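Subject: Structure handover

Hello,

Here is the structure I said I would pass on. My notes on it follow below.

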Amino acid sequence: MADSAVIVRGVGGHYTLHRHDPPFQGLAYLRGILRQEDIRPLVGDRVEYTSSQDPDIPFVVEKILPRKNVSVRPAVANIDSLIITVSIFEPRPDYLLIDRLIVYARKNHMEPLILITKMDLAKRRAAKRSSEQLLENYADAEAAIYEAGFGEADADLQRFKSHLAGKTVAFAGQSGVGKSTKLNEMFGELSETGAVSEKIGRGRHTTRETTLYPIEGGGYVADTPGFSVLNLADLDITWRDLREGYAEFEKASEPCRFEDCRHDGDMGCKIDEMTIHPERLARYRILLQETDF
Ligand SMILES: Nc1nc2c(ncn2[C@@H]2O[C@H](COP(=O)(O)OP(=O)(O)OP(=O)(O)O)[C@@H](O)[C@H]2O)c(=O)[nH]1
Ligand SMILES: [Mg+2]
Ligand SMILES: [Zn+2]
């Protein structure tokens with residue numbers, strides 16, 4: 001009889017399995033047949049496992065259950081929400097990256113969420129402008145926006161945490177925006193409960209591997225290596241996927257009626273700066289060039 005669990009970590013062919021209810025955690029290797037089939041198990045995969053004869057690695061993964069979705073960068077399966085993390089200061093927001101991640105999340109049936117960090121630095125004029133510009137750009141993008149920072153500026157973090165309860169969520173965003181820091185602030189107590197065997201890397205330690213941390217009360221959160229390069233064509237995103245990634249186009253009071261319209265300034269197209277924030281529209285048109293099919 002095989003039980004099921006979730007892969008929360010994979011290093012050198014060894015996988016840590018976890019289940020919330022009934023509680024279970026253990027180390028497993030992969031059944032040979034799965035290795036031959038060249039299936040690469042991912043963190044987030046739901047698997048069936050049995051006991052092994054090996055006391056050091058007491059379990060065997062027998063089967064990988066069907067995936068809801070797979071994110072490539074970070075490599076995680078079955079993500080419910082993608083936390084697009086952006087800081088208002090060092091590094092400054094990479095708007096094209098945010099736009100790409102929203103499209104990517106929509107296409108892969110993940111809920112896009114925007115977490116704005118370093119709000120405590122909003123007393124600097126440039127940082128404050130960044131936070132305003134973010135809110136303006138994404139006001140109608142149908143991605144919930146939360147603001148967090150050190151000290152009093154982290155008012156939203158607990159509200160954000162409740163939003164995530166029971167879900168499998170992954171942080172994405174440039175290196176240095178505070179993904180590991182916010183994860184620690186929200187779920188830091190995890191490392192003390194013994195739910196995970198090691199402490200989540202803090203502050204200046206750059207994250208190198210993707211690990212899933214069980215969240216108290218159900219769900220998982222993935223800390224991931226930071227990344228800043230993401231090309232839409234590499235992610236199999238077509239121009240139609242791109243267009244569908246923009247809630248603004250659908251919500252327009254005067255929607256474009258052309259079925260095959262790229263909203264690229266074509267004759268008769270109703271999409272313009274009144275439909276969507278001008279900067280977001282300009283970037284959409286840049287991203288169209290990335291989807292060359
Ligand atoms: N002022 C301020 N600094 C922050 C905040 N959040 C994170 N930082 C700092 O930003 C730096 C980078 O934070 P990390 O959490 O390591 O960033 P990361 O996104 O995990 O980076 P990678 O793992 O490299 O992708 C650290 O020095 C943090 O202390 C914040 O809300 N306010
Ligand atoms: Mg990190
Ligand atoms: Zn159009």
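Val 6 stands opposite Arg 46 in strand β4. That pair belongs to the antiparallel pairing of strand β1 (residues 3–11) with strand β4 (residues 46–51), which are joined by four bridges. Before going further, please note that this is a predicted model.

The chain as a whole

The chain has 293 residues, and 50% of them count as buried. It contains nine helices and 13 strands. Taking contacts between residues at least 6 apart in sequence, 66% join residues at least 24 apart.

The barrel

Strand β1 also pairs with strand β2; these two run antiparallel and are joined by five bridges. They form a hairpin with two residues between them, and Gly 12 in the turn has a positive phi of about 55 degrees. Strand β2 (residues 14–19) is in turn joined to strand β3 (residues 24–30) by five bridges, again with the strands antiparallel. In general, strands of a sheet pair through backbone hydrogen bonds, either parallel or antiparallel.

The pairings above are part of a closed arrangement: five strands form a barrel in the order β1-β2-β3-β5-β4, with mixed pairing. From one strand to the next, the twist averages 55 degrees.

Thr 16 lies in strand β2. On one side, Arg 9 stands opposite Thr 16; in β3, the bridge partner of Thr 16 is Leu 27. Leaving out residues up to four places away in sequence, Thr 16 touches Val 6, Ile 7, Val 8, Arg 9, Gln 25, Gly 26 and Leu 27. Is Thr 16 buried or exposed? With a relative accessible area of 16%, Thr 16 falls under the 20% limit and therefore counts as buried.

Ile 84 is in strand β8 (residues 81–87). Its relative accessible area is 1%, so Ile 84 is buried. Not counting residues up to four places away in sequence, Ile 84 touches Ile 98, Leu 101, Ile 102, Pro 112, Leu 113, Ile 114, Leu 115 and Ala 172. Ile 84 and Ala 143 are 59 residues apart in sequence, while their C-alpha atoms are 9.5 Å apart in space.

Helix α2 (residues 95–107) packs against helix α3 (residues 125–138) at an angle of about 35 degrees, and their axes are 12 Å apart. The contact involves Tyr 95, Ile 98, Asp 99 and Ile 102 from α2, and Ser 130, Gln 133, Leu 134, Asn 137 and Tyr 138 from α3. The crossing of α2 and α3 is right-handed. Ile 98 and Ile 102 of α2 take part in this contact, and both are also touched by Ile 84.

The zinc site

Which residues coordinate the zinc ion (ligand 3)? The donors are Cys 256 (SG), Cys 261 (SG), His 263 (ND1) and Cys 269 (SG), at 2.1 to 2.4 Å. Their spacing in sequence is C-x4-C-x1-H-x5-C. The arrangement around the zinc ion (ligand 3) is tetrahedral because the four donor atoms subtend angles of 106 to 116 degrees. For reference, the ideal angle for four tetrahedral donors is 109.5 degrees.

Regards

Terms used: Residues are numbered from 1 along each chain as its sequence is written. Chains are lettered from A and ligands numbered from 1 in the order in which they are written. This is a predicted model: local features need pLDDT of at least 70, side-chain atom pairs count only at pLDDT 80 or more; totals for chains, interfaces and linings use all residues. Side-chain values use heavy atoms; hydrogens and water are left out. Donors are N, O and S atoms within 2.8 Å of the metal (3.2 Å for Na, K and Ca); water is not among the atoms, so sites may look incomplete. Four donors count as tetrahedral if all angles lie between 85 and 135 degrees; four count as square planar and six as octahedral if opposite donors are over 155 degrees apart and all others between 65 and 115; anything else is irregular. Two strands pair if DSSP finds at least two bridges between them. Axes are lines fitted to C-alpha atoms, for helices over the stretch in contact, and angles run from 0 to 180 degrees between N-to-C directions. A crossing is left-handed if the near helix is turned anticlockwise from the far one by less than a right angle, and right-handed if clockwise. Contact means heavy atoms within 4.5 Å. Buried means under 20% relative accessible area, exposed over 50%, partly exposed in between (1.4 Å probe, protein chains only).
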